[in-house]
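I opened a new notebook page for this structure. My entries follow in the order I looked things up.

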Amino acid sequence: MGTKKCSQYRVVPLGIASAMFVVESQKGIKSMEPLYSETYLDAKMPQDRRRKRTIMIILCIVLPIVDLFILRSALLLFGVVIADALMLVLLPKKQTAFEYIFVDGQIDFDMIVGGEQRKTMQKIDLEKVDVVAPEHSHALDSYQNLPLSDCSSGYENDQHYIAVFRGEEGKSIRIRFTPDETLLENMKAKARSKIQS
C-alpha cells in the first residue's frame, strides 16, 4: 500500500513578548501571523491637567475663606460649599498611564486616567510615518516646528522617542512616546528603514 508524503511544518516564535509567528515548510516560509504587542507604562500627570487640578484645589480653599472673613454671607457660603463639592468630584485624577497597542504596523496610543477612563490620543500607521528616532536625534532636526502630541511617560530618565506621522490632509505631527524593547523590535520588523536607534 502506497504512502503519501506530507510537508513538515514548524512554528518559530520571534521574540518572547511578541505574538508574531512564522510557519515554515520544506519549501521555505509559507505564512506570517500579524505582529502584536502591548506596552503599558505609568506616566506623570500632563502639565495642562496638573495646572487645572492645582487651580481647582486653590479655589476650593480660597472661596470659603473669602466668604467667611470678607463677605460673611451665609447664603453665599452655602453656594461655595456646593461649588467646592462639585470641584472635588470633577478634580482631575493624578493617576495617569499610557498603553501602546501595536497590531501589524498600526499603533494606538491610549491614555488611561484613574485606572478607569481610557482615551485614544493618536492612531498611526507605519506606512505614513517618516521617521522614528530618539527625541534628541539629529534625524529629527528638520521636524522641530511640527505640532507635538505627548504620549510619553514624562519622566526625564526614560528613553523617549519621536514619531513623525503624516496625519489627516497630509498634515504632519510629532508623537512623543516611551517604547519598550518589544515595541521597538516589532516596529523595526515592519519598517526597519524608518526606525532610528
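Strands are DSSP runs of E, at least two residues long, and helices are runs of H or I, at least four, numbered from the N terminus. I kept in mind that this is a predicted model, where local features need pLDDT of at least 70, side-chain atom pairs count only at pLDDT 80 or more, and totals for chains, interfaces and linings use all residues. Residues are numbered from 1 along each chain as its sequence is written, and side-chain values use heavy atoms, leaving out hydrogens and water.

Next I looked up the strands around that bridge. Strand 8 and strand 10 (residues 161-166) run antiparallel and are joined by 5 bridges. Two strands pair if DSSP finds at least two bridges between them. The open sheet has 4 strands in the order 8-10-11-9, with mixed pairing. Strand 8 (129-134) and strand 9 (148-150) are the edges; each has a single partner strand, so one side of each lacks a neighbour in the sheet.

Then I turned to the rings. I found 4 aromatic pairs (ring centres of Phe, Tyr or the six-membered ring of Trp within 6.5 Å; planes under 30 degrees apart are stacked, over 60 edge-to-face, the rest tilted). Tyr100 and Phe177 are edge-to-face, at 5.8 Å centre to centre and 85 degrees between the planes. Tyr100 lies in strand 5 (residues 96-103) and Phe177 in strand 11 (residues 172-177), 77 residues apart. Both are buried, that is, under 20% relative accessible area with a 1.4 Å probe, protein chains only. Ring pairs link Tyr100, Phe109, Tyr161 and Phe177 into a cluster.

Conventions. Buried < 20%, exposed > 50% of the residue type's maximum accessible area, 1.4 Å probe, protein only.
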